Structures are given as structure tokens and as C-alpha cells.
Amino acid sequence: MAKKKDGVNKSEEIRKLYKENPKISVKEIVAKLADRGIQVADPLVYFVKGRLRGRRGRRKKARQMVARVAATGNADPVATILKVKSWANEIGGLKKLKALVDALSE
């Protein structure tokens, strides 16, 4: 566990402010903590904010993707995902498949 240098856990203070007002901007968080005498950098605030929202956002995106695949008429989204994965392996990986899809969409 990380040691507290000055007795204040900066990440915890950022989380408290973010829980009080989820729509607060990074600049406002830095300013409020500076008023309390706690110096934090913008990247730390972005990191903590991303960690708070990250898992929730990834789950939401995964659900949306499954819903989109299911809406295309295919009853088994897992089979579709496995097909796409096998196509990606055939052409050399997901990055190459994404590049091909991007090229086709232009």
C-alpha cells in the first residue's frame, strides 16, 4: 500500500469530491483541493476519475455491443463474436481487421 507523505490521501479526497458532485470539472476539483491546502496535478484527477468511471463504462459498452449484435437478427451473439475472432486470426490479428474495416468504411 502506498505511504501517505503528508497525512492526506489525495486520491481519496478526489473521490469524495467526485461523489459529492459527479459533474464537477477537473479544474474545479484542483481548485477546491488547493483551497484546502492539498496540491494535486490534473493527471492524478483524470486518473482517479477514469478509474471510478472505467469499469462501469466498459460494462455498458459491452452490453451495448451485445445488444447491437443481437439486433442484427443473429440469435447467438457468442457465435458471431467467435466468427469475427477467427477472421481476425486469419488475416493477422484484430488490429489488421480493424484497419481493414476502417478502410472499407471510408
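## Salt bridges

A salt bridge is defined here as a side-chain nitrogen of Lys or Arg within 4 Å of a carboxyl oxygen of Asp or Glu. In this predicted model, local features need pLDDT of at least 70, side-chain atom pairs count only at pLDDT 80 or more, and totals for chains, interfaces and linings use all residues. Residues are numbered from 1 along each chain as its sequence is written, and side-chain values use heavy atoms, with hydrogens and water left out.

A search of the whole structure finds five salt bridges. One of them joins Asp102 to Lys98, with the closest N and O atoms 3.0 Å apart. Asp102 and Lys98 are separated by about one helical turn, because they lie four residues apart in helix 5 (residues 94-105). Helices (H or I, at least four residues) and strands (E, at least two) are DSSP runs, numbered from the N terminus. An α-helix has 3.6 residues a turn, so residues three or four places apart point the same way. Asp102 is partly exposed, with a relative accessible area of 33%, whereas Lys98 is exposed at 54%. In these assignments, buried means under 20% relative accessible area, exposed over 50%, and partly exposed in between (1.4 Å probe, protein chains only).

## Contacts between separate elements

Arg36 forms a salt bridge with Glu13, in which the closest N and O atoms are 2.9 Å apart. Arg36 lies in the loop between helix 2 (26-35) and helix 3, and Glu13 in helix 1 (residues 10-20), so the pair ties together parts that are 23 residues apart in sequence. Glu13 is buried, with a relative accessible area of 16%, while Arg36 counts as partly exposed at 46% relative accessibility. Salt bridges that share partners join Glu13, Lys16 and Arg36 into one network.

A further salt bridge pairs Asp42 with Lys27, the closest N and O atoms being 3.2 Å apart. This pair links distant parts of the chain, with Asp42 in helix 3 and Lys27 in helix 2, 15 residues apart. Asp42 counts as partly exposed at 25% relative accessibility; Lys27 counts as exposed at 60%.

## Overall architecture

Buried residues make up 19% of its 106 residues.

The buried residues of helix 1 are Ser11, Glu13, Ile14, Leu17 and Tyr18. They cover an arc of only 160 degrees around the axis, which puts them on the same side of helix 1; the arc is that of the directions from the helix axis to the C-beta atoms. The face of helix 1 turned away from this buried side carries the exposed residues Lys19 and Glu20.

In helix 2, the buried residues are Val26, Ile29, Val30 and Leu33. Their arc around the axis is only 95 degrees, which places them on the same side of helix 2. Exposed Lys27 and Asp35 are carried on the face of helix 2 turned away from its buried side. Helix 2 is followed by Gly37, whose phi is positive, near 90 degrees.

Arg51, Arg58, Arg59, Lys61 and Arg63 gather in a patch of positive charge on the surface. Patches are made of residues with over 30% relative accessible area and no salt bridge, like charges being joined within 9 Å and nonpolar side chains (Val, Leu, Ile, Met, Phe, Trp, Tyr) within 5 Å. Lys and Arg count as positive and Asp and Glu as negative, whereas His and the chain ends are not counted. The place of a charge is taken as NZ of Lys, CZ of Arg, CG of Asp or CD of Glu. Arg63 is found in helix 3 (residues 42-71) and counts as exposed at 58% relative accessibility.

Val66 also lies in helix 3 and is partly exposed, with a relative accessible area of 38%. The C-alpha atoms of Val66 and Ile81 are separated by 9.2 Å, with the two residues 15 apart along the chain.

Note on methods
Accessible areas come from the Shrake-Rupley method with a 1.4 Å probe; for residues, only the protein chains shown count as cover.
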